[in-house]
Amino acid sequence: MFANIIKNVTRFIDLSSEEEKFFTDLLSCQTFPKKTVLLREGEICQFEGYIHKGCVRVYYLDDNGFEVTILFAIEDWWISDIASFQDQKASHLYIETIEDSEIFMLNPQTKEKLLQEIPKFERVFRMLVQRNLVTLQNRLVNTISKSASDRYLEFVKVYPTIPQRVAQYYIASYLGVSKEFVSTIRKRLASK
């Protein structure tokens, strides 16, 4: 059950069998049906979660009340509102399952217990934050410097399985284009 998350973590650190057990004993394994909102704007994020199964998106509501997707996360990815979780302050984001999902979660207390007992986990979480920052920086550069068509092609390159798993309007909200544009470009690419 925990093989994938252990593999994910041991890319960054080595764990003894006792450390693996300590870690997995702290995890709360939760299942969520499709369309479950895990975090709402104004709430304080109480989890850092590893997606064992499923697909999740992070979004916010713009000034006109439209959903703007900022991130998709699938199996073997971590999900949270890092700022809200770390500072225990109200979130500006929503986190919602797009598919039925199984997520291994740490709350602030279990994460702190993990870091106190096995300090080398600091490296794991530092690496996750750094990778998240790189992803967001690349997204920002693409949004500013590339055409909508190029942004879609980059999206498909980075997230090859997402277009088959999520509705076009989610992809459109991620790219900042209309769902009609996404439909048109997908048809154009399919005909090539």
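In which sense do E4 and strand E7 pair, and over how many bridges? I looked this up to start: E4 and E7 (residues 94-97) pair in the antiparallel sense over four bridges.

**Ground rules.** I am working on a predicted model, where local features need pLDDT of at least 70, side-chain atom pairs count only at pLDDT 80 or more, and totals for chains, interfaces and linings use all residues. Residues are numbered from 1 along each chain as its sequence is written, and side-chain values use heavy atoms, with hydrogens and water left out. For me a strand (E, at least two residues) is a DSSP run, numbered from the N terminus, and two strands pair if DSSP finds at least two bridges between them.

**Strand E4.** I checked burial next (buried is under 20% relative accessible area, with a 1.4 Å probe and protein chains only). Five of the seven residues of E4 (residues 55-61) are buried, so this strand is largely enclosed by the rest of the structure.

**Both sides of Val-58.** I found Val-58 opposite Ile-95 in E7, and its bridge partner in E5 is Leu-71. E5 (residues 67-74) runs antiparallel to E4, joined by seven bridges. Five residues lie between the strands of this hairpin, and Gly-65 takes a positive phi near 85°.

I traced an open sheet of four strands in the order E2-E7-E4-E5, with antiparallel pairing. Its edge strands, E2 (37-39) and E5, each pair on one side only. Neighbouring strands here are turned by 30° against each other on average, direction ignored (axes are lines fitted to C-alpha atoms, and angles run from 0 to 180 degrees between N-to-C directions).

**Last stop, E2.** I counted two bridges between E2 and E7, again antiparallel, and Val-37 stands opposite Glu-96 in E7.

Conventions. Buried < 20%, exposed > 50% of the residue type's maximum accessible area, 1.4 Å probe, protein only.
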